[in-house]
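Subject: Structure handover

Hello,

Here is the structure you asked to look at. Please open it next to this email and read the notes below alongside.

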Amino acid sequence: MSENISFDLDEKTYQKLLEKKENMGFKNKSWNEWFSNLIDEENSYSKILENIFEKKNYDVYFDDWIKNFKNNLLTIQNGHSAKKLIPEKEYPSGIIIGGGPSLKKHNHLKILANSNFEGAIICCDSVLSKALEEGVTPDKFKNFFVVVIDTQSHQKQWFEKDIVKKFGSKIKCIVSTTVHPSTYEAIIDSGMEVYWVHALFDYDKGKTSFNYISGIMSRSEKNQKGFPGIQTGGNVGTAAWTVSWNILKCPEVILIGIDQSYPIENQNGEIDFNSIGRAHPILYEYVEKIKSGKDNSESVKQAFPITFNPDFNCHYIQDPVFLYYSNALKEFIQKTQNKVKTINATEGGAIFGNGINSIKFNEYLKLKN
Amino acid sequence: MIKSNFNVKKIETDKENVDKQKFEALIESSGVGSHMVFRTTENDDEFFIEEL
């Protein structure tokens with residue numbers, strides 16, 4: 001059942017509405033979606049998603065963040081601030097390497113290893129050993145950084161590999177003050193130099209916030225002004241993006257392996273599980289439900305959306321974790337497009353839209369040669 | 001002037017609430033991820049604070 005309502009708008013108002021809709025990231029979405037967001041933001045699916053993840057993070061991680069910070073405190077106070085990495089002369093550009101499935105599918109590490117790229121390499125921790133094995137090394141790329149924000153002890157595994165130890169002394173590691181102490185030890189054992197940052201999450205709560213209190217506690221004779229705080233966007237890929245333009249001052253940032261989703265052949269849910277790598281078990285369960293038509297409810301469509309990426313002509317499916325990450329990263333890129341040019345060369349995945357320049361990776365590298 | 005037409009669809013509020021409750025349950029059961037998105041009304045602080 002529906003009802004038609006008419007009203008008049010002057011052209012100027014209509015133009016302003018169009019601009020506002022586009023600027024809020026709703027260019028390709030319906031008017032209804034945008035209006036719903038405007039008047040019912042607290043109750044929108046994306047807001048519900050973010051609120052639940054905030055609560056889950058507090059429930060699952062918060063105590064560990066405090067413990068890790070406490071155990072790291074002396075090393076933080078005597079360590080280097082990531083501000084020391086701010087270059088005197090900016091790097092012309094920076095490539096963020098994430099571990100998404102497009103990286104392998106498009107052979108991006110080999111392509112990069114064989115290129116003459118001259119900017120900074122900012123690698124996510126989990127993909128570091130793979131990058132080094134494929135020839136993306138600090139011997140070839142002198143300005144080589146790795147970012148670590150995850151706080152569980154198993155993160156140390158990325159730094160215990162022989163190839164990481166081989167190149168460690170030439171890599172600078174940007175580390176959150178809440179990482180597990182065993183991760184810090186593994187980084188140091190690999191020969192890397194550590195540069196600390198605080199992962200922002202509650203600084204908006206002012207002087208009672210963990211961010212504020214830990215910031216004050218970190219200050220020392222050596223680090224009188226403390227350490228920088230960064231937006232992580234909830235994941236290391238977005239944290240690397242923040243680092244690239246705020247600390248390394250790259251005016252242009254290129255993303256590879258930042259899928260924040262899983263590739264799927266089409267909207268009927270045909271999925272190439274081999275290309276997924278690791279995924280939460282719930283994804284497999286719901287892909288089966290979607291394929292079999294057992295559950296086509298709005299809630300499932302919202303939590304496990306299958307979307308077409310027009311820039312790279314492919315479909316992708318997300319679970320709620322990737323949805324949470326990608327919603328934020330797309331919003332951030334759009335908001336900061338006047339400060340940093342973000343180029344997505346992942347050739348797949350969920351990062352496209354207003355403010356995001358998409359290009360095939362080898363075409364980008366050719367343009368730079 | 002531009003004449004705008006809105007086609008107002010009646011929605012079943014109960015169904016929408018059920019969908020949102022089911023959505024919440026799905027999110028709850030789907031893992032926690034790595035970290036948390038930081039939100040603030042202070043635009044200058046949203047991405048980077050040089051000295052914390």
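Which residues have the most contacts inside the largest nonpolar core? They are Ile96(A), Ile121(A), Ile122(A), Cys123(A) and Val147(A), in a core of 101 residues. A nonpolar core is a set of buried Ala, Val, Leu, Ile, Met, Phe, Trp, Tyr and Cys residues joined through C-beta atoms within 7 Å. A residue counts as buried if 20 or more other C-beta atoms lie within 10 Å of its own, as exposed if 12 or fewer do, and as partly exposed in between, with C-beta atoms placed from the backbone. The largest share of this core, nine residues, is supplied by helix α14 (residues 320-335) of chain A. In soluble globular proteins, nonpolar side chains tend to be buried together.

Before going on, note that this is a predicted model: local features need pLDDT of at least 70, side-chain atom pairs count only at pLDDT 80 or more, and totals for chains, interfaces and linings use all residues. Residues are numbered from 1 along each chain as its sequence is written, while chains are lettered from A and ligands numbered from 1 in the order in which they are written. Helices (H or I, at least four residues) and strands (E, at least two) are DSSP runs, numbered from the N terminus.

Strand β4

In strand β4 (residues 120-124) of chain A, five of its five residues are buried. Ala120(A), Ile122(A) and Cys124(A) lie on one side, Ile121(A) and Cys123(A) on the other, and both faces are covered. Two strands pair if DSSP finds at least two bridges between them. β4(A) pairs in the parallel sense with strand β3 (residues 94-97) of chain A over four bridges, where Ile95(A) has Ile121(A) as its bridge partner. Leaving aside neighbours within four places in sequence, Cys123(A) is in contact (C-beta atoms, placed from the backbone, within 7 Å) with Ile97(A), Leu128(A), Ala131(A), Phe145(A) and Val146(A).

Helix α12

The buried residues of α12(A) are Leu283(A), Tyr286(A), Val287(A) and Ile290(A). They sit on the same side of α12(A) because they cover an arc of only 110° around the axis; the arc is that of the directions from the helix axis to the C-beta atoms. These residues pack against α13 (298-303) and β12 (314-317) of chain A. The face turned away from the buried side of α12(A) carries the exposed residues Pro281(A) and Ser292(A). Glu285(A) also belongs to this helix, and it is partly exposed, with 13 other C-beta atoms within 10 Å. Just after α12(A), Gly293(A) has a positive phi of about 75°.

Where the chains meet

How many residues of chain A are in contact with chain B? The count is 60 residues of chain A, against 38 residues of chain B. Helix α3 (residues 45-77) of chain A gives the largest share of the chain A side, 10 residues. That side divides into 26 nonpolar, 21 polar and 13 charged residues. Ala, Val, Leu, Ile, Met, Phe, Trp, Tyr, Cys and Pro count as nonpolar, Asp, Glu, Lys and Arg as charged, and the others, Gly among them, as polar. Strand β8 (residues 229-231) of chain A pairs with strand β2 (residues 48-49) of chain B in the antiparallel sense over two bridges, and Ile230(A) has Phe48(B) as its bridge partner.

Regards

Definitions and conventions
Contact = placed C-beta atoms within 7 Å.
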